[in-house]
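I opened the model to look up a few residues, one at a time. My notes follow.

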Amino acid sequence: MSLSSEVWYDSCMIVSFSLKIKPFSVNRAYYKNRQLTQEARLWREDFLLQLQQSEVLQQIQLLKKEWCSTQHALSVSYDFFYPRKLLFTKKGEVSKRSMDLTNVEKLVQDNLFESRYNGREIDGVIIENFDIDDKFIVCLQSRKLAHNQPHHEILITVELLPLKPLLRL
């Protein structure tokens, strides 16, 4: 039996922003040979366009400016906010309509970090995302939360961590 202690480290930087978009399950995103459905393509375009809002883009650019792959790793958290009536059933149980967390993380993470979306043009807008390989994510947390709003929302927090404390001596 092996015991390990938790590594505590100070973050170098934290950026956070919200997007008003319903999570999309990876189970509904593909057909045949892993081709995106039309509905998934439209969702991706909406997500990527929301990243271009000035306050969101400013957060992305701030972190990208500080990022160095030999000095940093990433901690990422997703808070998926659902209208209360969609997250819970009338009995007070978590609803099946709220989707499996691991299924909704995938498309969000791909859109945020994959380089193939960076520089893509959608409706005349050049897309910018973090453009950092998600292999650098060393900590990932997701939650489903209820709120009293009629819309879905995703709170995304990306934390730049110093790499050194993650290395075993």
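I started with His 152, which sits in the loop between β7 (137-147) and β8 (153-162). Strands here are DSSP runs of E of at least two residues, helices are runs of H or I of at least four, and both are numbered from the N terminus. The model is predicted, so I kept in mind that local features need pLDDT of at least 70 and side-chain atom pairs pLDDT 80 or more, while totals for chains, interfaces and linings use all residues. Residues are numbered from 1 along each chain as its sequence is written, and side-chain values use heavy atoms, without hydrogens and water.

I checked the cover of His 152: its relative accessible area is 10%, so this residue is buried (under 20%; exposed is over 50%, partly exposed in between; 1.4 Å probe, protein chains only). I then listed its contacts (heavy atoms within 4.5 Å). Neighbours within four places in sequence aside, His 152 touches Leu 19, Lys 20, Ile 21, Lys 22, Pro 23, Phe 81, Tyr 82, Pro 83 and Leu 86.

Next I looked up Ile 132, in the loop between β6 (125-126) and β7. Ile 132 has a relative accessible area of 3% and is therefore buried. With neighbours within four places in sequence left out, I found Ile 132 in contact with Leu 63, Trp 67, Leu 74 and Phe 113. I also noted 6.9 Å between the C-alpha atoms of Ile 132 and Ser 115, which are 17 residues apart along the chain.

Last, I turned to Asp 46, in helix α1 (residues 38-50). Asp 46 is partly exposed because its relative accessibility is 36%.
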